[in-house]
Number of protein chains: 2
Amino acid sequence: MQPIKILLEEKDMPDKWYNIQADLKVPMPPPLHPGTRQPVGPQDLAPLFPMGLIQQEMSQDRWIEIPDEVRDVYTMWRPSPLYRARRLEKALDTPAHIYYKWEGVSPPGSHKPNTAVAQAYYNKQEGIKRIATETGAGQWGTALSFACNLFDLECMVYMVRISFDQKPYRKAIMEAYGAKCIPSPSPHTQAGRKILEQDPDTPGSLGIAISEAVEDAASRDDTHYSLGSVLNHVLLHQTIIGIEAERQLQKAGEALPDIVMGCFGGGSNFAGIAFPFMRYKLLGEKPDMRIVACEPTTCPTLTRGPYRYDFGDSVGMTPLMAMNTLGHGFVPAKIHAGGLRYHGAAPLASHLLAQGEMEAVAFHQLECFEAGVQFARSEGFVTAPETNHVIRGVINEALKCRESGEEKVIVFNCSGHGNFDMTAYQAYFSGQLEEHHFSEDQITQNMQALEGFPVP
Amino acid sequence: MQPIKILLEEKDMPDKWYNIQADLKVPMPPPLHPGTRQPVGPQDLAPLFPMGLIQQEMSQDRWIEIPDEVRDVYTMWRPSPLYRARRLEKALDTPAHIYYKWEGVSPPGSHKPNTAVAQAYYNKQEGIKRIATETGAGQWGTALSFACNLFDLECMVYMVRISFDQKPYRKAIMEAYGAKCIPSPSPHTQAGRKILEQDPDTPGSLGIAISEAVEDAASRDDTHYSLGSVLNHVLLHQTIIGIEAERQLQKAGEALPDIVMGCFGGGSNFAGIAFPFMRYKLLGEKPDMRIVACEPTTCPTLTRGPYRYDFGDSVGMTPLMAMNTLGHGFVPAKIHAGGLRYHGAAPLASHLLAQGEMEAVAFHQLECFEAGVQFARSEGFVTAPETNHVIRGVINEALKCRESGEEKVIVFNCSGHGNFDMTAYQAYFSGQLEEHHFSEDQITQNMQALEGFPVP
């Protein structure tokens with residue numbers, strides 16, 4: 001019997017997050033104030049975020065201590081197991097060693113609570129009583145609801161109406177954690193009321209939901225705003241995944257991995273697994289390590305989007321960030337991987353891509369579901385549509401190893417389960433899952449809106 | 001930071017199941033042939049089950065070795081974690097030490113694969129190519145689909161039509177594992193066609209689905225039938241839960257528990273946690289240990305059903321078993337805990353109840369959801385409606401400890417997650433969850449059908 005799970009005891013859980021900003025060869029271009037176009041300072045962000053998070057957003061320290069209160073909550077599911085995918089290796093007849101971090105063990109079922117818990121903690125510390133956020137498919141809203149409940153904070157989730165209607169169970173699980181979840185656009189905000197007046201039957205959009213959550217937070221002293229990806233501090237909190245994985249690989253007797261992979265939407269689960277390993281690449285200890293982000297062809301931010309200053313939201317309320325972007329007006333196709341439908345990308349990941357430290361690859365929806373089903377039938381876990389993108393990428397790399405005979409070590413982040421996404425699998429099995437196409441024209445058009453913006 | 005998860009390494013996973021038949025003070029009444037009323041022999045069961053399982057069904061050996069091939073699959077999620085429910089204890093302000101085995105980590109999300117994997121293995125060994133089964137809410141069908149896929153067996157699931165229509169994602173996850181799932185009654189069987197002729201719009205029932213699966217298996221040489229609870233060999237396979245829990249409690253520095261609890265439908269998850277501990281009670285090492293089964297008031301098999309010989313199915317095709325029963329014609333109310341809606345009870349559990357070795361208690365649906373929500377808000381995991389019954393029982397016992405000041409050790413089986421049951425939570429939060437009532441008259445009437453049957 002060969003072991004397949006590599007576990008860590010709670011006492012061996014990391015006590016620091018890893019901040020890759022400390023090891024960048026070239027510093028990142030700073031975020032700019034949308035009005036003045038000058039670098040934003042801590043005070044610019046204070047109406048929306050607690051100072052604890054703003055400091056992390058800007059910190060150049062390599063290691064940042066995880067507060068005991070956050071670690072206490074992490075132990076509810078962390079350290080998460082690292083699996084050796086022996087059954088998948090066998091099914092692929094590959095000499096590659098495939099390992100995955102299984103983040104589906106968290107109560108909300110994904111990697112998202114790694115940052116939700118930290119964000120709730122720092123807000124609580126600062127005396128905040130309530131957090132507002134937006135959610136698309138519901139993964140993030142669920143995680144923040146879970147975290148707020150544990151720190152006795154109110155949680156208000158604006159959920160894109162079309163998803164709210166299609167996935168009523170997402171509202172139910174947020175309510176199980178004591179949160180309030182309403183469809184967006186809503187009559188609760190000026191932004192929402194304006195849209196509803198124009199079109200009472202609108203399906204809503206993530207851009208609108210962000211506007212509502214930001215307006216909600218900005219208009220109340222007791223409330224802050226929270227984001228589930230993209231920002232530096234969010235990526236920082238996810239690095240516990242990779243730090244654990246490194247320790248677990250050592251326990252399994254492996255050297256540093258040859259390839260590290262994650263699916264890519266805003267960039268947080270990718271950075272979580274990748275950055276702690278990328279450190280060894282940046283420091284020259286393993287210069288040929290490949291770090292690969294897997295994204296959808298219909299929202300090809302890293303593979304097709306130019307590296308530009310752009311807004312983080314659709315409406316243009318946020319600072320300008322230097323990132324790969326399809327343009328803040330980009331409307332992605334309705335693929336089932338709701339978590340990967342974002343016009344931009346984490347500035348940190350975009351910077352590292354521009355520096356040549358990582359790669360990106362894009363996959364079609366159908367080939368990702370095919371990979372997800374192959375994974376379920378070998379490894380047992382039915383994964384989220386987002387996660388299926390990295391599984392597609394890993395299977396492709398493992399098949400290349402079969403051709404070349406190379407015993408490469410591949411590590412990936414298996415970011416969450418698909419228990420709330422079975423309608424997507426249902427569509428796949430009934431042959432009704434559509435393949436969507438991406439038109440380059442959209443980018444050209446969207447880039448016109450960025451004319452005159454600074455160039456990083 | 002106090003530890004909350006007690007883990008075992010794969011190498012410390014039990015290599016034997018525990019057969020409580022070896023330690024019974026009084027032997028069980030045997031199952032009887034429905035025609036001859038004589039004890040059934042191995043050959044009577046051979047058309048439906050492989051000899052490996054039939055031997056286990058009748059074995060008097062205390063320890064039965066778990067085949068390596070089964071242990072290999074178990075490591076996909078086992079040993080499962082034992083949690084100390086510190087947050088729940090704090091919320092209840094109780095001196096009790098509450099521990100739970102978390103079986104929701106299995107890929108299908110419940111304890112069911114512990115037996116599904118073993119059953120698939122022994123069928124494969126005997127050259128069987130295909131297994132037919134029934135499923136109500138879908139928990140069992142999902143687990144058997146998962147197991148059959150791993151042993152390269154075809155799996156055919158007859159799913160009660162009303163559940164099939166209400167929960168399409170259950171079909172999708174079974175398909176993800178390569179199984180076929182069709183609504184019952186179906187045109188595939190004589191039994192199904194007959195019912196459809198009489199009523200084309202019938203919602204179906206578990207009794208009908210069992211008849212279809214048994215007919216399917218009996219009519220094909222390459223096919224066997226599989227049951228997810230009730231039978232001795234099914235309970236046997238689940239004992240790995242309690243054996244692991246015992247080792248984990250030792251690791252946590254606890255003596256034997258004072259109270260062991262599980263929710264109760266057919267009895268398999270209950271027996272899984274309870275029987276290995278009950279051994280110490282039967283052997284006199286801890287005679288005051290309390291073993292408590294928690295069932296719904298609307299299907300109060302153990303608390304109200306007499307101990308009688310009755311059929312295992314509604315139609316009367318199975319052997320007669322000595323068990324607590326509400327009568328095989330019993331039609332339970334449509335509570336959301338679909339896994340607890342069975343007219344009978346495991347003969348082993350019924351026998352132990354009759355011998356005074358265990359207790360049973362019944363709870364209403366609403367108080368169980370209330371307990372489940374309290375659990376989710378303290379421990380994080382949103383549990384299945386079935387599991388909420390034991391959580392209700394545990395909370396009540398822990399509150400008694402608060403009154404008495406006793407530091408009792410309570411262990412329970414947290415049998416599965418509620419990710420596929422969010423419609424039930426949705427009904428609960430919207431105030432639309434109905435309380436159902438049970439009428440004693442039903443039992444009186446059903447018992448008339450048992451007149452002339454032998455009495456155990």
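How many positive and negative side chains does chain A have, and how far apart do the centres of the two sets lie? Chain A has 40 positive side chains and 54 negative ones, with the two centres 3 Å apart. Here Lys and Arg count as positive and Asp and Glu as negative, leaving out His and the chain ends; each charge is placed at NZ of Lys, CZ of Arg, CG of Asp or CD of Glu.

This is a predicted model, where local features need pLDDT of at least 70. Residues are numbered from 1 along each chain, and chains are lettered from A in the order in which they are written.

Now for chain A as a whole. Its secondary structure comes to 19 helices and 15 strands (DSSP runs: H or I of at least four residues for helices, E of at least two for strands). The radius of gyration, taken over C-alpha atoms, is close to what the globule rule (2.2 Å times the number of residues to the power 0.38) gives, so chain A is as compact as a globular protein of that length.

| Chain A | Value |
|---|---|
| Radius of gyration | 21 Å |
| C-alpha span along principal axes | about 60 × 50 × 45 Å |

Of its 456 residues, 65% count as buried, meaning under 20% relative accessible area, with exposed over 50% and partly exposed in between (1.4 Å probe, protein chains only).

Over in chain B, take helix α19(B), residues 440-448: I443(B), N446(B) and M447(B) are buried. These buried residues fall within an arc of 100° seen down the axis, so they line one face of the helix; the arc uses directions from the helix axis to the C-beta atoms. On the other side, D441(B), Q445(B) and Q448(B) are exposed.

Note on methods. This is a predicted model: local features need pLDDT of at least 70, side-chain atom pairs count only at pLDDT 80 or more; totals for chains, interfaces and linings use all residues. Side-chain values use heavy atoms; hydrogens and water are left out.
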